[in-house]
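Let us walk through this structure together, from the overall picture down to single residues. Keep the sequence and the 3D view at hand as you read.

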Amino acid sequence: MPTKQGDLTLLNDPIAQELLHSTIPARLAYVWRDGTPRAIPIWFHWNGQEIVLSSPMRAPKMTVLSQNSKVALSIDTSAPPYRVLQIRGAITIETVDGVVPEYALAARRYLGEEQGRAWIEQAQKLFPQMARIRVRPEWVAILDFETRSTSAIEAAMAG
C-alpha cells in the first residue's frame, strides 16, 4: 500500500525525486492581500530538505508573502501518465545581497550551463538584492493516477 498522502516521507518517492530534479517550474500558490488566491510559475531548487525559491525584492508577491507564511506548491507533468507533486508548507524569507545562490543553480538546471550562466550575469546587474524564500514542507502528496489518485477518485473506486 502506498504511503499516505500528507506524509513527508513521500519526498523520497522516486516520482517526487524525479519532479524535484526536473526542469518543470513549480506553481507557487498564495493568498493576495484582498483574499483572492494567486498561482504563479517559478523556478525552484530542492536542497534535500526545503524548496528554495528566489525573487527580486520589489516583486509584488513579496509584500504578501512576508505577511502570510503559508503557501502551496505543485510540480506536475503535462503529458500522460501525469505525475503531480503537491507540497504545503511555511516559508521563511531572507534578503541576500546579489543573486541567491540557489537561483543560480536553478538557472543552470533550467537553461543549461551556458545560458544559465549568461542569465545569472545579467541578473546580477538587474538585482542588487534578492529574496531567498525557503519552503519547509509540512504536507506532501503525489498523484500518478496509477497507484495514487485524488481522494474523490479513490473514494469512488472503493465503492
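When charges are counted here, Lys and Arg are positive and Asp and Glu negative, while His and the chain ends are not counted. The place of a charge is taken as NZ of Lys, CZ of Arg, CG of Asp or CD of Glu. On that basis the protein carries 17 positive and 16 negative side chains, and the centres of the two sets are 6 Å apart.

A word on what you are looking at. This is a predicted model, in which local features need pLDDT of at least 70 and side-chain atom pairs count only at pLDDT 80 or more, whereas totals for chains, interfaces and linings use all residues. Residues are numbered from 1 along each chain as its sequence is written, and side-chain values use heavy atoms, with hydrogens and water left out.

Start with the elements. Helices (H or I, at least four residues) and strands (E, at least two) are DSSP runs numbered from the N terminus. The protein has five helices and seven strands, and their order from the N terminus is α-β-β-β-β-α-β-β-α-α-β-α. Its radius of gyration is 17 Å, close to the 15 Å that the globule rule gives for 159 residues, so the protein is as compact as a globular protein of that length. That radius is taken over C-alpha atoms, and the rule is 2.2 Å times the number of residues to the power 0.38. Along the principal axes, the C-alpha atoms fill a box of roughly 60 × 40 × 25 Å.

How much of the protein counts as buried? The share is 42% of the 159 residues, where buried means under 20% relative accessible area, exposed over 50% and partly exposed in between (1.4 Å probe, protein chains only). As for contacts (heavy atoms within 4.5 Å), residues 24 or more positions apart account for 71% of those with a separation of 6 or more.

Now turn to the sheet. Two strands pair if DSSP finds at least two bridges between them. By that rule, seven strands form an open sheet in the order β2-β1-β5-β6-β7-β4-β3, with antiparallel pairing. β2 (37-42) and β3 (45-46) stand at the edges with a single partner strand each, so one side of each is left without a neighbour in the sheet.

Six bridges hold β2 and β1 (residues 26-31) in an antiparallel pair, in which Y30 stands opposite R38. Five residues separate the two strands of this hairpin, and among them G35 takes a positive phi near 90°. On the way to the next strand, β1 is joined to β5 (residues 70-76) by three bridges, again antiparallel, and A29 faces A72 there. β5 then pairs with β6 (residues 84-97) over seven antiparallel bridges; K70 stands opposite A90, and S74 opposite Q86. Between β5 and β6 runs a loop that holds P81, and the peptide bond from P80 to P81 is cis, with omega near -5°. Most residues other than glycine have a negative phi, and most peptide bonds are trans. Further on, β6 and β7 (residues 129-143) share 14 bridges in the antiparallel sense, with T95 opposite A131.

Beyond its neighbours within four places in sequence, P25 is in contact with P41, I42, F44, S74 and Y110.
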